[in-house]
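Dear colleague,

Please find below the structure that I am handing over to you. My notes on it follow directly after.

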Amino acid sequence: LTHVCEKIDLYAEHFNHVRVAHSPNMGINAGARFAATNKLVLDLNGGLGLNTTSPAGFAGAGLSYKLGK
């Protein structure tokens, strides 16, 4: 995780998902988080599969809102 500025973070990681009696799902992904307010965070991510059982690529977006004070 790298803090670009007060409101923006970047990250990159490797992942491995193993299910019993299946080939592992391996890949890399990267993304960015933007803290729009103290309670609202937006994020974008994307990645690539590293083996034949993984998806070739993927992308996603998210929204997080902190409830309460």
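**Findings**

Asp-9 is buried, as its relative accessible area is 11%. The model in which this residue sits is a predicted one, and the values below should be read accordingly.

Asp-9 takes part in a salt bridge with Arg-33, in which the side chains meet at 2.7 Å, N to O. The structure holds one salt bridge. Arg-33 belongs to strand β3 and Asp-9 to strand β2, so that this pair links distant parts of the chain, 24 residues apart. With a relative accessibility of 34%, Arg-33 counts as partly exposed, whereas Asp-9 is buried.

Five strands make up an open sheet, arranged in the order β1-β2-β3-β4-β5, and their pairing is antiparallel. The edges are taken by β1 and β5, each of which has a single partner strand; one side of each is therefore left without a neighbour in the sheet. From one strand to the next, the twist averages 20°.

The strand pairs may be taken in turn:

- Strand β1 (residues 2-5) runs antiparallel to β2 and is joined to β2 by three bridges. A hairpin of two residues connects β1 to β2, and Cys-5 has Ile-8 in β2 as its bridge partner.
- Strands β2 and β3 are antiparallel and are joined by ten bridges. Here Tyr-11 stands opposite Gly-31 in β3.
- Strand β4 (residues 40-49) and β5 are antiparallel as well, with nine bridges between them. Leu-44 has Ala-61 in β5 as its bridge partner.

I turn now to the aromatic residues. The count comes to one aromatic pair. Phe-15 and Phe-58 form this pair, which is edge-to-face, with 6.0 Å from centre to centre and 65° between the planes. Phe-15 lies in strand β2 (residues 8-17) and Phe-58 in strand β5, so the pair ties together parts that are 43 residues apart in sequence. Phe-15 counts as partly exposed, at 23% relative accessibility, and Phe-58 counts as partly exposed at 29%.

Which residues does Asn-29 touch, not counting residues up to four places away in sequence? Asn-29 touches both Phe-15 and Phe-58, together with Tyr-11, Ala-12, Glu-13, Gly-46 and Gly-47. The place of Asn-29 is in strand β3 (residues 25-35). Because its relative accessibility is 12%, and buried means under 20%, Asn-29 counts as buried.

Leu-63 counts as exposed because its relative accessibility is 62%, the cut-off for exposed being over 50%. Apart from neighbours within four places in sequence, Leu-63 is in contact with Leu-40, Val-41, Leu-42 and Asp-43. Between the C-alpha atoms of Leu-63 and Glu-6 there is a separation of 18 Å, and the two residues are 57 residues apart along the chain.

With kind regards

Terms used. Residues are numbered from 1 along each chain as its sequence is written. This is a predicted model: local features need pLDDT of at least 70, side-chain atom pairs count only at pLDDT 80 or more; totals for chains, interfaces and linings use all residues. Side-chain values use heavy atoms; hydrogens and water are left out. Buried means under 20% relative accessible area, exposed over 50%, partly exposed in between (1.4 Å probe, protein chains only). Contact means heavy atoms within 4.5 Å. Rings of Phe, Tyr and Trp (its six-membered ring) pair if their centres lie within 6.5 Å; planes under 30 degrees apart count as stacked, over 60 as edge-to-face and the rest as tilted. Helices (H or I, at least four residues) and strands (E, at least two) are DSSP runs, numbered from the N terminus. A salt bridge is a side-chain nitrogen of Lys or Arg within 4 Å of a carboxyl oxygen of Asp or Glu. Two strands pair if DSSP finds at least two bridges between them. Axes are lines fitted to C-alpha atoms, for helices over the stretch in contact, and angles run from 0 to 180 degrees between N-to-C directions.
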